[in-house]
Structures are given as C-alpha cells and as structure tokens.
Amino acid sequence: MCTMWLAAPLLARAEILEVAPDQPPLSLTPYIQLYVDRKHVLPADSLNAAALADRLTPLDRSAANFGFSDAAYWVAFTLKNSSENDLPLVIRQDYPLMDHLDFWAPTGNGDWHHIRTGDHQPFTSRPLALRDYVFPVTLPAHSQQTFYLRFASAGSINIGLSVSSQQAYLPRLGLEQLLYGIYYGGFLVLVLYNLFLFLALRDPAYAYYMGYSICCGLFFAVLNGFTFQFIWPEYPWLANRALLLALGLTLTFAIQFARLICNVKQLAPQVDKFCGLLRYGTIALTVLAPLGDYATMTEIFSVAALIVSLTSLSVGAVSVWRGSVSARYFLIAWITLMWTVVMYIFKTFGLLPHNAVTHNAFQVGALIEMVLLSLALGARVGEIQRQGHTDQLTGLFNRRHFDELLAKEFSLAARQETPLALVVLDLDHFKAINDQLGHARGDEALRAVGQLASKLVRKPAVACRYGGEEFAVLLPGCDKQTANRIAGRLLDAVGKMNCDGVPLSVSIGVASYEKGNYQSPIQLFEAADSALYLAKEGGRNQVVMSGDSEPSPQQAGPLVEVH
C-alpha cells in the first residue's frame with residue numbers, strides 16, 4: 001500500500017504500459033518520466049519517491065539521449081500485469097558505457113530492492129553477467145508497479161530502456177550473440193588473411209592495416225561491453241578508460257596507414273608532413289587519455305576523430321587525382337565510414353537519437369571499410385609490381401619487363417611459328433645535349449622520345465626503355481617489312497622534334513624472327529643491337545635491318561651535328 005501511494009502522483013500523469021505474458025522486446029522510451037537533477041539535490045544511494053513525484057515529467061522527445069552532462073537523470077515508468085499469473089520480465093538498458101546506474105524495484109512488503117551497478121563498479125555488481133544491464137523482475141498478477149532508475153556518467157548519457165518477457169528475451173539474446181560473433185569473426189579473418197600477406201611481402205602497410213583492424217575491433221568490443229565482461233571484469237577504472245585508449249590507437253594506426261597506402265610522401269609531400277604531425281598528436285592524446293577528465297578527453301577525441309577522418313578523405317582524394325589506383329579503394333572505404341562516424345558523434349553529443357541505427361551503423365560501416373581497405377592493399381601490391389616493371393622517367397616498361405616479355409614472346413612465336421620483330425633505337429648525340437643544355441633538358445628529351453614511341457605503336461606491340469638513351473619496341477606478329485615501316489615512322493617523327501632548338505634524331509636497328517632463324521631471344525636482341533650500331537657507325541639518323549649490308553632507305557637527310 002505504501003508503494004502504491006507513493007507512486008500515485010506518477011500514475012496520474014504517466015502512461016502505463018500493459019505487458020503481456022509473451023511480451024516481445026519493447027522500448028520504454030514513450031512510457032518514461034524524467035527528472036534531470038543538475039545540482040544533485042537527491043541522494044544517489046537511496047530513493048525518495050515522494051520527492052521525485054513532483055519533479056518527474058513526461059519525456060518530451062522521441063529519444064532519451066542527452067550528450068555529455070554532469071547531471072543525474074532520474075527515470076520512472078509503470079508496468080501493468082492484467083493476467084492471472086505472475087510475469088517474469090526483463091528490463092534492459094542497452095548502452096553499457098554508463099558510469100553509475102541505480103535500479104529500484106518495489107518489493108512485496110512496501111520496501112525497495114536496490115541494485116547499484118555501472119562501469120565504475122565491478123562487473124559482478126550486475127544482476128546478470130551480460131555485457132549490458134539486464135534487470136530481471138517479476139510483476140505479480142493483477143498488479144501494476146513503478147520502477148525507478150538513476151543515470152549518471154562523465155560520458156554521453158544514452159538511456160535505452162526496453163522490457164520483454166524472459167521467455168522472449170532469451171532467443172533475442174542468442175541472436176545478438178551470434179551476430180556479434182560473426183561481426184568480430186570478420187575482423188579476425190581480415191587480420192589473419194593480411195598477416196599471411198605481410199609475412200610473404202614484408203610491406204609495412206599490412207602491419208599498419210592489422211594494427212588499425214585490431215584496435216578498431218578492440219574499440220567496438222569496449223563500446224559494446226564485451227571487454228569488461230570477458231577481459232577485465234574486476235578493473236572498473238580500465239573499463240572506463242579503455243574506450244579512449246583504443247580510439248587513440250585506432251586513429252594513430254589509421255593516419256599512418258593512410259600515408260602508406262596512398263603513397264602520400266611521393267604524391268603530396270606537404271600533406272604528408274601534416275599527416276605526420278597529426279600522428280604525433282594522436283599518440284600524445286592516447287598517452288594523456290588516462291590522465292585527463294573523462295568528459296573533456298572524450299570531446300577532444302571526438303574532434304580528433306573528425307580531423308583524422310577528414311584528413312584521410314583529403315589524402316585519398318589527392319592520391320586518386322594524382323593517379324594512385326589503391327587510393328580509389330581507400331577513398332571509397334573512408335566515404336563509407338565517414339557518414340557513420342558523423343552519425344555516431346552526433347548521437348554521442350545528443351544531436352541524433354540513440355537507437356539501433358545510430359548506435360550500430362558506425363560498427364557496420366567500420367567492417368565494410370576494413371574489407372575495402374583490404375582491397376586497397378591488394379591494389380597497392382599491383383602498383384608496386386607495376387613500379388618494379390616501369391621506368392619512372394618515361395613511364396614506359398623498363399628493362400626487367402622487356403627481358404621477361406622478350407623471352408615469353410619468343411617462346412610463343414617459336415611454338416606457333418609466327419614472326420616476331422624487334423626494333424632498338426638510340427637517341428643520337430645525347431651526351432652533347434646533357435653537356436650543353438643540362439641533365440633536366442636531357443630527361444625531357446628522353447621523356448619525349450618515350451612518349452612518341454608509346455603513341456606510335458599499338459597493342460600487342462610494347463615500347464620499353466632499355467637503359468640510358470636506348471629504347472626497344474617489341475612487335476609480336478610483325479614480319480621484317482612491317483617492322484621496317486614502323487621503324488621508319490619512328491625515325492621521321494623523332495626527326496621533327498627538337499630540344500630547346502637542338503634537333504633530335506635516333507639510330508635504329510631492326511631484327512625479325514622468322515622461320516627459326518634465331519635459336520634464342522638473346523640472339524634476336526643481339527641481332528637488332530648489332531644493326532643499331534651499324535646505323536651509328538654509318539652516320540646515325542637511319543634505320544638498319546639485321547642482315548643488311550647497307551642502311552635502310554628510311555635514312556633521313558643531313559643532320560646538324562651538336563658540338
């Protein structure tokens with residue numbers, strides 16, 4: 001009678017929720033009344049229902065999350081059982097990161113059953129050993145009871161209360177555990193997969209990816225209450241600070257991974273310097289995380305997370321603009337994650353409601369991002385391989401690639417009995433260009449000849465820089481006459497070029513594999529190279545076919561010598 005009398009003022013103003021014997025999980029947000037105790041007028045360790053009665057008011061918003069506040073939040077709601085039997089119920093608070101949480105349920109003798117818990121208390125303070133707060137109660141037949149809770153935290157205040165029958169709660173609990181197992185299993189698979197690649201390739205980008213993945217997974221394990229449940233249940237201080245430590249490490253690995261995967265040091269040196277400073281900043285924040293005021297540090301870390309996210313987006317955009325293939329996957333990954341990060345931060349500060357979407361979108365987005373970043377690593381391996389086969393000055397394939405391709409095409413031509421031609425050209429008087437105009441102008445001349453060779457030949461023909469001022473063009477399926485015409489076009493096109501007024505020319509040697517006239521690819525190359533030197537000795541600026549005693553009719557007119 002005493003309990004009902006004290007609750008009477010509340011019942012007059014609050015909507016009462018009638019629960020069913022098979023009650024499915026139902027949010028209590030529309031049924032709660034709230035009092036925000038900003039000056040901590042009411043004691044935290046005891047319930048004064050009479051004092052609360054005049055202070056509680058219906059919740060005037062669709063969600064009960066309030067951002068950061070040093071106030072205490074008192075909540076009350078009333079449940080009604082109209083059935084013939086007692087109802088075993090489960091009242092659940094779905095946000096684990098609550099410093100102090102007190103729960104009062106009426107007893108049969110007019111007293112209150114008080115449970116004090118929160119992540120400032122040992123994990124054993126919880127009624128059930130679960131990651132979030134679950135309070136089992138029994139609602140007697142033909143009765144209604146009012147329950148009270150008090151929330152206080154240095155972090156964000158997210159009140160996510162629901163009620164369900166115990167029978168309906170257990171299947172939901174099993175499904176949640178299965179989904180979380182799949183979720184964290186996804187992180188584990190990605191880490192192990194990239195660990196094997198790291199051991200094989202020794203690329204530091206894989207190490208930073210694994211560090212980012214592990215710390216990100218740890219961050220969500222803390223956020224969801226699993227670390228407090230399974231790893232440090234008797235260390236509330238660590239449970240309270242671990243979220244910031246995990247976030248700091250995640251940001252540190254993220255920015256360093258972005259620098260490597262997007263090749264920022266080469267593509268955007270100034271941006272890379274800023275990223276380096278930002279990395280030192282996140283390291284400093286991680287060190288300071290256990291020392292500073294939790295609420296202040298959380299706000300600082302939230303700003304840091306936004307800065308790192310925006311910087312990573314900028315890094316990806318710059319690298320994509322400058323031609324990085326792996327940066328494309330990286331940019332898509334961060335765009336996928338970014339909107340969920342913003343959503344979660346807005347929820348943390350009370351600007352968006354606390355619900356399943358705003359709470360879990362960040363986690364789903366992070367796992368999708370990890371998959372896309374793994375694809376970016378794969379693209380990076382391809383880029384590294386291409387760089388190993390590409391001449392950095394001209395953009396053509398290099399000698400390594402030429403040697404491999406010549407052996408492959410020679411074997412294919414011998415097997416299929418098809419012709420294979422090789423054109424080798426050398427830029428005339430290159431040393432004089434370097435001596436008179438400087439090495440920068442010499443590099444420009446080499447780039448120009450390389451680009452010309454690349455434009456004038458079509459697939460399956462391949463142009464390569466063999467070394468120094470020497471280039472090679474491999475022509476699969478081309479006979480001697482076709483190769484001679486292509487060499488002539490190259491000779492004429494180069495003859496129309498100049499470098500700061502100095503005319504350019506090339507000497508060209510041509511050889512063709514036909515009907516087994518050469519026994520190995522090296523013999524084919526030596527034949528073309530010998531023809532090239534005959535062109536040089538014969539006065540330069542001409543084409544010589546292997547086996548010809550005289551220069552080809554493709555010889556150009558008189559050439560102005562460079563002194």
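Two strands are taken as paired if DSSP finds at least two bridges between them. Helices (H or I, at least four residues) and strands (E, at least two) are DSSP runs, numbered from the N terminus. The model is predicted: local features need pLDDT of at least 70, side-chain atom pairs count only at pLDDT 80 or more, and totals for chains, interfaces and linings use all residues. Residues are numbered from 1 along each chain as its sequence is written, and side-chain values use heavy atoms, with hydrogens and water left out.

**View 1. Strands β7 and β13 in the open sheet.** Strand β7 (residues 87-93) and strand β13 (residues 161-165) run antiparallel and are joined by five bridges. V90 has S164 of β13 as its bridge partner. The open sheet has four strands in the order β2-β13-β7-β10, with antiparallel pairing. Because β2 (26-27) and β10 (133-139) stand at the edges with a single partner strand each, one side of each is left without a neighbour in the sheet.

**View 2. Q256 in helix α6.** Q256 belongs to helix α6 (residues 236-261). Its relative accessibility is 9%, so Q256 counts as buried (under 20% relative accessible area, 1.4 Å probe, protein chains only). Beyond its neighbours within four places in sequence, Q256 is in contact with Y208 and R279 (heavy atoms within 4.5 Å).

**View 3. Helix α3 and the lining of the largest pocket.** α3 gives the most to this lining, with six residues. β2, β13, α3 and α11 (356-388) each supply at least two residues of the lining, where lining residues have an atom within 4 Å of a point on a 1 Å grid; a pocket is an open set of points where a 1.4 Å probe fits, with protein on both sides within 12 Å along at least five of seven lines.

Technical notes: Buried means under 20% relative accessible area, exposed over 50%, partly exposed in between (1.4 Å probe, protein chains only).
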